[in-house]
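Q: Please go through this model with me, setting each value against the definition behind it.

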Amino acid sequence: MTVRGHHYRDGSKSRFLTTSRDGRPALIAHVRCTRCPAVGDVNLRVLMAPDQIDKKFTQRGWRLDPALCPGCAAPKPKDPLMGASPSPAAIRGQTETLKLLAQHFDGENGRYVTGWSDATIAKAAGISTETVAAFRIAGFGEIKEPAEVALLRSDINSLEALQRDHASAMSTEIAALRGRLVDLSKVAA
Ligand SMILES: [Zn+2]
């Protein structure tokens, strides 16, 4: 019969004993996790065989050789992104968002071209404004232009468009009046 070492008594293989708790004599077996600072303890009345002490730890969720606390021994939860695959609609929305961002967001200057914003892209792509903002920040960058400036720029652009419309309406009106003038001249002649 081979005499096996008592790892708890010997303090080997991540196992050890202590002989007091709160200043009172006690016999406590410990296992130290090899992956994190956790140390487990089991109160013993007498020094049992190492196998029996091991069993008390494994019953509490520990693994041994190598020693792992219940937290480190538990299987890791799956990567949430690898779980349920996104719906085709979600993928289309995200693809559309990236396309619109590339077309309408000036990443270098950190601003949208006139008429576009996270909200307008969200509406066009059918996804939330928050998601668009997250995509923009991750792929294209932050909005650097203060909201005030962006608003002013948009006002100027609207007024310019209005001015162009008015000018064109005016030209049409003038052309119509010229036409009437020609007609009246003919009648008077
Ligand atoms: Zn651990």
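Q: What makes the distance between domain 1 and domain 2 a defined quantity, and what is its value?
A: The bounds come from an automatic or database domain assignment, which gives domain 1 as 7–71 and domain 2 as 89–139; the C-alpha centres of the two lie 56 Å apart. This is a predicted model, in which local features need pLDDT of at least 70 and side-chain atom pairs count only at pLDDT 80 or more, while totals for chains, interfaces and linings use all residues. Residues are numbered from 1 along each chain as its sequence is written.

Q: How many of the residues count as buried, and by what criterion?
A: A residue is buried if 20 or more other C-beta atoms, placed from the backbone, lie within 10 Å of its own; 14% of the 189 residues count as such.

Q: Why are α5 and α6 called roughly perpendicular?
A: Angles of 65 to 115 degrees count as roughly perpendicular, and the axes of α5 (residues 118–125) and α6 (residues 129–139) cross at roughly 115°, coming within 8 Å; α5 and α6 are therefore roughly perpendicular to each other.

Methods
A residue is buried if 20 or more other C-beta atoms lie within 10 Å of its own, exposed if 12 or fewer, and partly exposed in between; C-beta atoms are placed from the backbone. Axes are lines fitted to C-alpha atoms, for helices over the stretch in contact, and angles run from 0 to 180 degrees between N-to-C directions. Helices (H or I, at least four residues) and strands (E, at least two) are DSSP runs, numbered from the N terminus. Angles under 35 degrees count as roughly parallel, over 145 as roughly antiparallel, 65 to 115 as roughly perpendicular and the rest as oblique.
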